[in-house]
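Visitor: I have a structure open and would like to talk it through. Could you take me around it?

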Amino acid sequence: METIEGYRIEILYLRKKNSSAQIRDGRVTLRISSRLNSRDRTRHIDTLLAKVKKRLTAHCQTDELYPLNLTDGQMIRVLGERCMLHLEAAPKRKHPGLKIKGQAILLTVPALPVTLEENQVLLRQFRQLMSKKKSDWLFDFVAELNERTVKSRKLKRAGFREQLSRWGSCSRTGSINISSRLIFCPVHLLEYVCLHELCHLVQPDHSVEFWNLVDKFTPDAKQSRRELKQYL
Ligand SMILES: [Zn+2]
């Protein structure tokens, strides 16, 4: 089986125009246009794999507190705090359970992950459990940020969501969704994404007016966007 940096590679040929790559749950999925001839297919695959490799390796070197895998005793960042992760097997359990005590995080699992793929599934479950536990925290964070900056009256709700392709999104009804991966990113990046979405409550598009509004409240939006690219 072919792998890249320990991630299993899956190649799908689909009737679509563009080719794309997705990194998820310990797997790299390449979606290649079936309209291409075999030489172009190979070229697309090579280009995408080079990009994936860059992303997988660039990241690991820059931020050791951001979990790409879960191991017992590992230090991770949770909403800006350094925490120690404890993994414990409880074979009677059907689903993982999460307890947070100060800077200690206990994740109880039916079985400790053996393969990278199992580990990635567990990582996703961990993010989902964290999202639930920290949803009130996030709303307070966004509401307070809103008071300091945009002061939009539209804000109704903010929550973490398991979204991998976008860092954040917002609806016309004033609901803000933040990618659960940001729980583990440096907190100034979480703040930037929240601010970005708050500004969308005023300006839905990415017009000049929108970016002027963002720049009014943060001097380093560009830098934050650059940093976000390092995270998976
Ligand atoms: Zn936007």
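Visitor: Which residue stands opposite L98?
Guide: L98 faces L107, a residue of strand 8. Please bear in mind that this is a predicted model.

Visitor: How do strand 7 and strand 8 pair, and over how many bridges?
Guide: Strand 7 and strand 8, the latter covering residues 104–109, are antiparallel to one another, with five bridges between them.

Visitor: And the sheet as a whole, in what order do the strands come?
Guide: The order is 5-6-8-7, giving an open sheet of four strands with mixed pairing. Because strand 5 (74–78) and strand 7 (97–101) each have a single partner strand, one side of each lacks a neighbour in the sheet. From one strand to the next, the twist averages 30°.

Visitor: What lies across strand 7 and strand 8?
Guide: That is helix 2, residues 116–133, which runs at about 55° to strand 7.

Visitor: Changing topic: which residues touch the most other members in the largest nonpolar core?
Guide: The core has 31 residues, and those touching the most other members are V142, I178, L182, V193, C194, L195 and L198. At least two core residues come from each of strand 8, helix 2, helix 3 (135–148), strand 9 (157–161), strand 11 (175–179) and helix 4 (187–202). Helix 4 gives the largest share, eight residues. Domain 2 (74–114) and domain 3 (135–228) each contribute at least three residues to this core.

Visitor: What does V193 touch?
Guide: Leaving aside residues up to four places away in sequence, V193 touches W167, G168, I178 and L182.

Visitor: How do helix 3 and helix 4 cross?
Guide: Their axes come within 10 Å and cross at roughly 65°. The crossing of helix 3 and helix 4 is right-handed.

Visitor: Which residues meet there?
Guide: From helix 3, F141, V142, L145 and N146 meet E191, C194, L195 and L198 of helix 4.

Visitor: One more topic, backbone angles. What is the phi of L79?
Guide: L79 has a positive phi of about 50°, although it is not a glycine. L79 sits in the loop between strand 5 and strand 6 (81–89).

Visitor: Why does L79 count as partly exposed?
Guide: L79 counts as partly exposed because it has 16 C-beta neighbours inside 10 Å.

Visitor: And what about the phi of K151?
Guide: K151 is not a glycine either, yet its phi is positive, at about 55°. K151 belongs to the loop between helix 3 and strand 9. With 10 C-beta neighbours inside 10 Å, K151 counts as exposed.

Technical notes: Residues are numbered from 1 along each chain as its sequence is written. This is a predicted model: local features need pLDDT of at least 70, side-chain atom pairs count only at pLDDT 80 or more; totals for chains, interfaces and linings use all residues. Two strands pair if DSSP finds at least two bridges between them. Axes are lines fitted to C-alpha atoms, for helices over the stretch in contact, and angles run from 0 to 180 degrees between N-to-C directions. Two residues are in contact if their C-beta atoms, placed from the backbone, lie within 7 Å. A nonpolar core is a set of buried Ala, Val, Leu, Ile, Met, Phe, Trp, Tyr and Cys residues joined through C-beta atoms within 7 Å. A residue is buried if 20 or more other C-beta atoms lie within 10 Å of its own, exposed if 12 or fewer, and partly exposed in between; C-beta atoms are placed from the backbone. Domain bounds come from an automatic or database domain assignment. A crossing is left-handed if the near helix is turned anticlockwise from the far one by less than a right angle, and right-handed if clockwise.
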